[in-house]
Amino acid sequence: MKTVVLMLAAGSGSRMGLKQNKVFLSLGGKSVLQRSMEAFASIADEIIVVHRPGEEEPARAETEKVSFSGILRLVPGGATRQDSVENGLAQSDCRPEDLILIHDSARCLITPGLIRRIRDTAMEKGAAIPGLPATNTIKVCREEKVLETPDRSLLYEIQTPQACRADWLQEAFARARQDGFQGTDDASLLEHCGYPVAVVRGERNNIKLTTGEDVQMAESVLGLSSRLPRVGHGYDVHRFAEDRKLILCGVEIPWEKGLLGHSDADVAVHALMDAMLGAAGLGDIGLHFPDTDSRYKGISSLLLLKETVRLLQANGYELINADLTIVAQKPKLRPYISRMTDTLSDVLGVDPSRLNVKATTTEGLGFEGRMEGISAQAVCLILPVTAEGTPAAP
Ligand code: MG
């Protein structure tokens with residue numbers, strides 16, 4: 001079963017007073033269309049971008065900024081939203097049981113989490129749409145006179161993506177054409193056909209950019225989330241070996257054995273590096289410093305830590321604090337803790353008050369207790385340096 005996304009980008013910017021199509025509007029350095037595409041990239045097998053006639057080139061340029069490994073098509077839209085969806089649908093070679101997700105690309109704050117919830121519900125029930133229970137009283141009016149006040153507990157504000165089995169959707173569109181039925185969303189065509197549509201709780205921030213005020217709100221949502229701190233965790237183990245130096249947090253500790261590894265096997269620094277890379281969403285130590293690379297043979301892990309700091313800076317992050325636990329039955333590490341902290345502080349370029357190194361035993365239990373090796377764990381907190389510091393892909 002395939003997941004096909006119809007990305008509607010054929011709207012205009014007229015209600016915002018824009019000369020250009022609002023999907024090309026830049027928010028924090030990325031266009032509305034690019035942001036919407038990115039949210040679907042890890043979930044979709046196929047994305048069909050329905051662009052305004054004559055805008056294939058700028059639309060393609062935005063899609064090329066997104067790392068997406070599935071099938072990508074660009075299709076010109078029609079006179080109405082319904083025509084645009086039909087044009088897109090006609091281009092897909094989907095099978096009856098495939099799932100179609102239709103999304104207004106102007107809802108560029110859509111989260112992958114909401115997309116997955118809609119997709120999973122549609123897989124189970126046939127069709128699903130996101131909706132929020134109405135919080136305002138809504139009245140039916142004509143010529144500025146109230147006709148009636150519907151029961152608010154029955155009213156929902158509906159968003160996109162709207163998801164449906166391909167065969168249901170194709171039938172609903174054929175029926176609408178035959179009956180001359182025009183709906184304001186895709187689900188209303190399914191309802192016209194008598195198909196059940198499930199409602200999944202939408203998200204407040206999944207707003208459709210329609211007015212200048214919406215753009216301001218989207219900018220504040222993005223600004224806020226890009227200034228949120230991020231946490232990371234790291235864990236590493238190295239076994240003891242004869243004729244090796246024991247290096248922990250860059251400090252050489254006199255002991256009968258050392259740790260075995262491709263580098264200097266500084267297990268504590270490795271855990272810290274993994275925590276930092278993890279917090280920044282940059283993968284792990286093996287990705288950046290593979291132990292198959294001869295450049296890293298016997299290298300001081302402090303040099304790798306320095307490179308990790310550079311990677312974080314390049315992605316717009318600074319370290320707030322880190323907490324490290326070294327698990328070793330022997331040797332006693334307490335006498336070396338303050339030297340370890342000072343060494344890390346120098347390399348990381350942060351005040352020692354932001355770093356905490358501690359050591360524990362396991363009371364003889366496990367591989368550490370049997371003195372087969374040493375393990376280390378680290379957690380750290382990082383913060384984007386500026387609101388504009390949008391992290392790059394690893
Ligand atoms: Mg290691």
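Asp236 (OD), His238 (NE2) and His270 (ND1) coordinate the magnesium ion at 2.1 to 2.3 Å. The model is predicted.

**Magnesium site**

- Along the chain, the donors of the magnesium ion are spaced as D-x1-H-x31-H.
- Histidine 238 lies in strand β13 (residues 230-241) and histidine 270 in helix α8 (residues 267-279), so the pair, 32 residues apart, links distant parts of the chain.
- Histidine 238 has a relative accessibility of 14% and therefore counts as buried, the cut-off being under 20%.
- Histidine 270, at 7% relative accessibility, also counts as buried.

**Glutamine 82**

- The glutamine 82 side chain reaches the backbone nitrogen of glycine 183 at 2.9 Å.
- Neighbours within four places in sequence aside, glutamine 82 contacts Phe173, Ala176, Phe181, Gln182, Gly183 and Leu189.

**Helices α3 and α5**

- The α3 and α5 crossing is left-handed.
- On the α3 side, the residues that meet α5 are Gln82, Val85, Glu86 and Leu89.
- On the α5 side, Leu169, Gln170, Phe173, Ala176 and Arg177 meet these α3 residues.
- Phe173 and Ala176 of α5 are among the residues in contact with glutamine 82.

Notes: Residues are numbered from 1 along each chain as its sequence is written. This is a predicted model: local features need pLDDT of at least 70, side-chain atom pairs count only at pLDDT 80 or more; totals for chains, interfaces and linings use all residues. Side-chain values use heavy atoms; hydrogens and water are left out. Donors are N, O and S atoms within 2.8 Å of the metal (3.2 Å for Na, K and Ca); water is not among the atoms, so sites may look incomplete. Helices (H or I, at least four residues) and strands (E, at least two) are DSSP runs, numbered from the N terminus. Buried means under 20% relative accessible area, exposed over 50%, partly exposed in between (1.4 Å probe, protein chains only). A polar contact is a pair of N or O atoms within 3.5 Å; within protein, one must be able to donate a hydrogen and the other to accept it, and residues adjacent in sequence count only if both atoms are side-chain atoms. Contact means heavy atoms within 4.5 Å. A crossing is left-handed if the near helix is turned anticlockwise from the far one by less than a right angle, and right-handed if clockwise.
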